[in-house]
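Please read it beside the sequence and the model.

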There are 2 protein chains.
Amino acid sequence: MSAYVNVVNINGVGTVSAVQGENYHHGDLRRALIDAALAALAENGPGTLSLRGLARAAGVSATAVYRHFANKEDLLAAIATEGFEGLSASMQQRLEREPGAGRLRRLVILGEGYVDYAIAHPAHYRLMFGPRMLARGEYPALAAAAAHSYGMLEQAVSDAITAGELPAMPEPVLSTLFWSWVHGLAMLNNDGLLARSDLPGTNELSHDFGELLANALNQFRE
Amino acid sequence: MSAYVNVVNINGVGTVSAVQGENYHHGDLRRALIDAALAALAENGPGTLSLRGLARAAGVSATAVYRHFANKEDLLAAIATEGFEGLSASMQQRLEREPGAGRLRRLVILGEGYVDYAIAHPAHYRLMFGPRMLARGEYPALAAAAAHSYGMLEQAVSDAITAGELPAMPEPVLSTLFWSWVHGLAMLNNDGLLARSDLPGTNELSHDFGELLANALNQFRE
DNA sequence: CACTCATGTTGACGATGTCAACATCCCGGC
DNA sequence: GCCGGGATGTTGACATCGTCAACATGAGTG
């Protein structure tokens with residue numbers, strides 16, 4: 001439903017003045033609402049995020065929201081979608097910082113990029129794996145974004161298996177193992193459960209775990 | 001919509017009669033509210049669980065809840081506490097089914113018991129790791145119950161390290177690695193992300209992963 | 001220039017978490 | 001045995017929330 005064209009708006013506000021209708025009534029409410037939501041998520045956890053509050057932040061009446069989103073869950077889905085895009089970007093970015101990496105090493109790097117994103121945007125990440133946010137086919141864009149993130153992992157695992165750097169097990173199984181680990185680490189961190197004096201920072205844990213796991217599996221392979 | 005059969009209230013009401021003053025007006029409202037909440041969690045996810053709804057289910061007025069819980073979060077904390085107790089019990093039970101298990105094997109069994117519980121009580125489990133349910137020192141009973149569950153893991157890891165069946169790494173690090181994996185697997189399953197035709201059931205995954213991980217780490221050890 | 005459709009507003013409804021004031025009734029001390 | 005106090009439960013109210021229906025406005029097209 002609806003086009004969902006407007007993706008961006010980096011506009012320098014005044015600078016682009018007369019260009020493409022920038023002022024209907026509000027400008028770009030949809031974007032403003034999502035931004036307000038992201039800001040709110042960054043400060044407080046989710047749960048403390050109300051449609052009316054977002055409308056207020058955008059300087060607009062409560063029901064204006066419904067011109068852009070069917071309901072609250074719809075808004076949340078849009079935000080979660082952006083979250084997965086950010087997650088993919090974080091992994092990609094990390095990969096590009098180390099171009100010559102081997103198959104297995106690339107997998108580890110992906111894991112680090114994954115955890116990086118999750119701990120940099122805790123509330124956002126939590127929302128992405130919220131109530132039943134995914135799995136629900138209700139939001140194709142969400143599903144696609146999530147599938148893309150996961151696909152990066154799968155690809156890396158698959159490559160590593162082919163290269164003989166992982167045990168010859170079914171790719172989905174190894175991917176799930178890997179995902180579980182990285183997801184669990186991110187969640188525990190964001191729940192504050194890893195803030196212990198006898199533990200290194202989560203970034204470092206992510207690195208160490210990756211190495212350990214990869215090496216262990218690699219060794220175990222034959 | 002409003003069936004809410006009001007599940008239980010085990011006590012034979014009359015039978016325990018004179019025992020510790022347990023009957024003022026309702027009998028044991030606190031217990032009844034928690035039971036109602038558990039029933040509601042089992043059916044619908046959390047989020048759809050209102051104090052007023054619980055009061056209704058218990059056949060009591062909305063504000064009666066506040067005679068037993070300071071607020072909603074307080075109730076949720078009590079429920080989460082019971083969750084951790086159930087989690088510990090599930091792990092313990094599983095251990096006792098295989099008394100002669102070696103150190104490393106015991107760790108794997110713990111993991112299976114953990115995942116068992118999590119997938120048997122999805123909404124409850126999610127609540128246990130909710131907003132900031134733990135980590136908050138606000139609820140000592142919760143913290144204690146959670147610490148006990150985690151302590152079981154730590155003990156098993158520690159034993160396995162001592163027995164030379166795990167790499168000689170700091171126990172907290174290995175425990176966290178293990179916990180991350182098992183927690184992540186549980187979460188992904190409960191989010192419906194593991195319901196794929198190319199994956200075995202989560203129970204089986206849990207078993208396979210445990211074996212794989214344990215063996216890989218064991219092999220890697222020297 | 002008029003029409004139309006997207007956008008935004010007002011007002012309302014039912015539900016929720018929570019508070020303050022009031023009612024009830026079990027229990028231990030006289 | 002009575003009685004007063006404190007634990008328990010109730011009524012009524014408030015602010016907030018998600019959402020709906022009816023209405024207003026204004027941008028861009030014919």
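1. Two residues are in contact if their C-beta atoms, placed from the backbone, lie within 7 Å. The model is predicted: local features need pLDDT of at least 70, side-chain atom pairs count only at pLDDT 80 or more, and totals for chains, interfaces and linings use all residues. Residues are numbered from 1 along each chain as its sequence is written, while chains are lettered from A and ligands numbered from 1 in the order in which they are written.

2. Chain A is assigned domain 1 (1-69) and domain 2 (72-220), with bounds from an automatic or database domain assignment. Between them, 10 residues of domain 1 of chain A are in contact with nine residues of domain 2 of chain A. Helix 1 (residues 29-43) of chain A supplies the largest share of the domain 1 side, six residues; helices are DSSP runs of H or I with at least four residues, numbered from the N terminus.

3. Across the chains, 35 residues of chain A are in contact with 35 residues of chain B. On the chain A side, helix 7 (171-190) and helix 8 (202-220) are the elements that give two or more residues, and helix 7 of chain A gives the most, with 13 residues.

4. Within chain B, helix 6 (residues 140-162) and helix 7 (residues 171-190) pack at an angle of about 120°, with axes 9 Å apart. Axes are lines fitted to C-alpha atoms, for helices over the stretch in contact, and angles run from 0 to 180 degrees between N-to-C directions. Residues that meet include L153(B) and V157(B) in helix 6 of chain B, and L174(B) and F178(B) in helix 7 of chain B.
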